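The sequence and the structure are shown first, and a description by region follows.

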Amino acid sequence: MIVMKDVHKKYPNGVTALNGITVNIDKGEFVYVVGPSGAGKSTFIKLIYREEKPTTGIVKINNINTSELKEKNVPYLRRKIGVVFQDFKLLPKLSVYENIAFALEVIEESPRNIRKRVMEVLDLVDLKNKARFLPSELSGGEQQRVSIARAIVNKPEIVIADEPTGNLDPETSWEIMRVFEEISERGTTMIMATHSKEIVNKMKKRVIAIEDGIIVRDESRGDYGYEN
Ligand SMILES: Nc1ncnc2c1ncn2[C@@H]1O[C@H](COP(=O)(O)OP(=O)(O)OP(=O)(O)O)[C@@H](O)[C@H]1O
């Protein structure tokens, strides 16, 4: 489903973020991406949703080479991928409901389907009772749950999360992980970059460790492996 072959990424300022990444991630896998700050984790994640293209090497998502993808077809790739960020990135003037519905309005779903689907995902993240609230009226954990609901509302095959618990306290982080577990159990491929030793060690999933732009470890049921 996700294939990278000898991927190098050099940014225009001359910084080499990735230096020869080769990896395969299958449908339905749950993968943690770990490593020191500046190792290349976010760059790795950005290559998957085609926020960045490799300088050399190949990135294929569902057999589509992202370097060959025409600009006008990028939105079709992105529909298969839900993205969750550390800072939530919710639209501040829209309600919880509207933030989630927006993702379906842009793909011209029928109003009836939009309502049904938004209520389904609000139920999944346990926020049905806050549908009319603004993001500023929610706790950090609730805002992150809204952003997860938005990421999954059009049933993507892949969900990627870049430090999704980075702004949350430990207890709230576990709530978020329970939601990701549930999404994963429904067959969605989950990829999460994190600095949380506690989460990675407890969950016992595949761990890919990146250091200086290369994969130094790739273990199923792995550990965080750093002192934090
Ligand atoms: N848009 C960019 N332009 C230039 N250099 C960049 C850009 N984005 C990242 N870098 C550089 O690429 C390297 C890898 O960065 P990246 O954000 O992928 O690391 P990371 O492992 O996600 O770090 P962190 O854990 O701190 O988020 C760093 O040296 C960073 O400064």
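The model discussed here is a predicted one. For comparison, most residues other than glycine have a negative phi.

Helix α1 itself spans residues 41-48, and six of its eight residues are buried, so the helix is largely enclosed by the rest of the structure. The buried residues of α1 are K41, T43, F44, I45, L47 and I48.

## The annotated region

The unreviewed UniProt entry carries the annotation "domain: ABC transporter", which covers residues 2-228. Over residues 2-228 the chain is 33% helix and 26% strand. The end C-alpha atoms of this stretch are 28 Å apart.

## Helix α3 and its cover

Which residues of helix α3 are buried? In this helix, formed by residues 96-105, they are V96, Y97, N99, I100, A101 and A103. The cover over the buried residues of α3 includes α4 (111-124) and α5 (140-152).

The two pairings can be taken in turn. Two packed helices are described by the angle between their axes and the distance between the axes.

## Packing of α3 with α5

The axes of α3 and α5 come within 8 Å and cross at roughly 25°. Angles under 35 degrees count as roughly parallel, and α3 and α5 are therefore roughly parallel to each other. Their crossing is right-handed.

On the α3 side, V96, N99, I100 and A103 take part, and they meet V146, A149 and R150 in α5. By class, this contact of α3 with α5 has five nonpolar residues, one polar and one charged. An α-helix has 3.6 residues a turn, so residues three or four places apart point the same way.

## Packing of α3 with α4

How do the axes of α3 and α4 cross, and what distance do they come within? They come within 10 Å and cross at roughly 130°. The helices α3 and α4 are therefore oblique to each other. The crossing of α3 and α4 is right-handed.

From α3, the contact is made by Y97, I100, A101, L104 and E105, and from α4 by I114, R117, V118 and V121. Sorted by class, the contact of α3 with α4 has seven nonpolar residues, no polar ones and two charged ones.

## Loops around these helices

F88 lies in the loop between β6 (81-85) and α3. Although F88 is not a glycine, its phi is positive, at about 65°. Is F88 buried or exposed? F88 counts as buried because 20 C-beta neighbours lie inside 10 Å.

S139 is found in the loop between α4 and α5. S139 is exposed, with 11 other C-beta atoms within 10 Å. S139 and L168 are 29 residues apart in sequence, and their C-alpha atoms are 9.6 Å apart in space. K155 lies in the loop between α5 and β7 (158-162). K155 is not a glycine, yet it has a positive phi of about 50°. K155 is partly exposed, with 13 other C-beta atoms within 10 Å.

Terms used
Residues are numbered from 1 along each chain as its sequence is written. This is a predicted model: local features need pLDDT of at least 70, side-chain atom pairs count only at pLDDT 80 or more; totals for chains, interfaces and linings use all residues. A residue is buried if 20 or more other C-beta atoms lie within 10 Å of its own, exposed if 12 or fewer, and partly exposed in between; C-beta atoms are placed from the backbone. Helices (H or I, at least four residues) and strands (E, at least two) are DSSP runs, numbered from the N terminus. Two residues are in contact if their C-beta atoms, placed from the backbone, lie within 7 Å. UniProt positions are given in the numbering used here, feature names are shortened, and annotations may be inferred rather than shown by experiment. Axes are lines fitted to C-alpha atoms, for helices over the stretch in contact, and angles run from 0 to 180 degrees between N-to-C directions. Angles under 35 degrees count as roughly parallel, over 145 as roughly antiparallel, 65 to 115 as roughly perpendicular and the rest as oblique. A crossing is left-handed if the near helix is turned anticlockwise from the far one by less than a right angle, and right-handed if clockwise. Ala, Val, Leu, Ile, Met, Phe, Trp, Tyr, Cys and Pro count as nonpolar, Asp, Glu, Lys and Arg as charged, and the others, Gly among them, as polar.
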